[in-house]
Amino acid sequence: MEATVILEKINEILVDEFEVDGDAIAPEANLKETLGLDSLDYVDLVVSIESSFGVKLVEADFAGIQTFQDFYNLIEAKIAQK
C-alpha cells in the first residue's frame, strides 16, 4: 500500500470518526494537541486503525509518536511487517 493512500485513509478516519478538522491535520502538527482525544478516544482510534489496515498496535508503538508524520510512519512500518 502506498504512503499517500495510507495517509489519506488515516486522515479520512480522523475526520469521519473523530470529527477532526481536516485543515488542522498536517504532517508536522502535534498529534495529541491537534486531536484533543481522551484515553477512550485513543482506544477507539487504535481499533479503527487496526481494523482498517489489518495491523496490531500496542502501547509501546506510541512511545515516540509526536506528529502526524510519526503516526503515518508507524502505520506504514506496521503494514510493511505484515
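Helices are DSSP runs of H or I with at least four residues, numbered from the N terminus, and K32 is found in one of them, helix α2. The model described here is predicted. The mean pLDDT of its chain is 94, and 100% of the residues reach 70 or more. Confidence can also be followed element by element: α2 has the lowest mean pLDDT among the elements of the chain, at 92, while helix α4, residues 68-81, has the highest, at 96.

Along the chain, K32 and F68 are 36 residues apart, and their C-alpha atoms are separated by 9.0 Å.

A negative patch is formed by E8, E12, D16, E17, D38 and D44. Helix α1, which covers residues 3-18, gives the most to this patch, with four residues. D38, another member of the patch, lies in the loop between α2 (31-35) and α3 (39-53). The relative accessible area of D38 is 44%, so this residue is partly exposed, falling between the 20% and 50% limits.

D23 has its place in the loop between α1 and α2, and its relative accessible area of 73% makes it exposed. In sequence D23 and D38 are 15 residues apart, and in space their C-alpha atoms are 21 Å apart.

The loop between α1 and α2 also holds E19. The backbone of E19 deserves a look on the screen: its phi is near 50°, a positive value in a residue other than glycine. E19 counts as exposed, at 72% relative accessibility.

The surface has a nonpolar side as well. L40, V43 and V47 make a nonpolar patch of about 280 Å². Of these residues, L40 lies in helix α3, where its relative accessibility of 57% places it in the exposed class.

Attention now turns to paired charges. Side chains of opposite charge can pair when their charged atoms come close. In this model the count comes to two salt bridges. One of them joins the side chains of K56 and E50, with an N to O distance of 3.8 Å; this pair qualifies because the cut-off is 4 Å. How do the two partners stand, buried or exposed? K56 counts as exposed, at 59% relative accessibility, whereas E50 counts as buried, at 18%.

The other salt bridge brings together the side chains of K78 and D61, at 3.1 Å from N to O. This pair links distant parts of the chain, since K78 sits in helix α4 and D61 in the loop between α3 and α4, 17 residues apart. Both K78 and D61 are buried.

Notes. Residues numbered from 1 in each chain as written. Predicted model: local features only at pLDDT ≥ 70, side-chain atom pairs only at ≥ 80, totals over all residues. Heavy atoms only, no water. Patch = residues over 30% accessible without salt bridge, like charges linked within 9 Å, V, L, I, M, F, W, Y side chains within 5 Å. Areas by Shrake-Rupley, 256 points an atom, 1.4 Å probe, with all protein chains shown as cover. Lys, Arg positive; Asp, Glu negative; His and termini not counted. Charge placed at Lys NZ, Arg CZ, Asp CG, Glu CD. Helix = DSSP H or I, 4+ residues; strand = E, 2+ residues; numbered from the N terminus. Buried < 20%, exposed > 50% of the residue type's maximum accessible area, 1.4 Å probe, protein only. pLDDT = per-residue confidence, 0-100.
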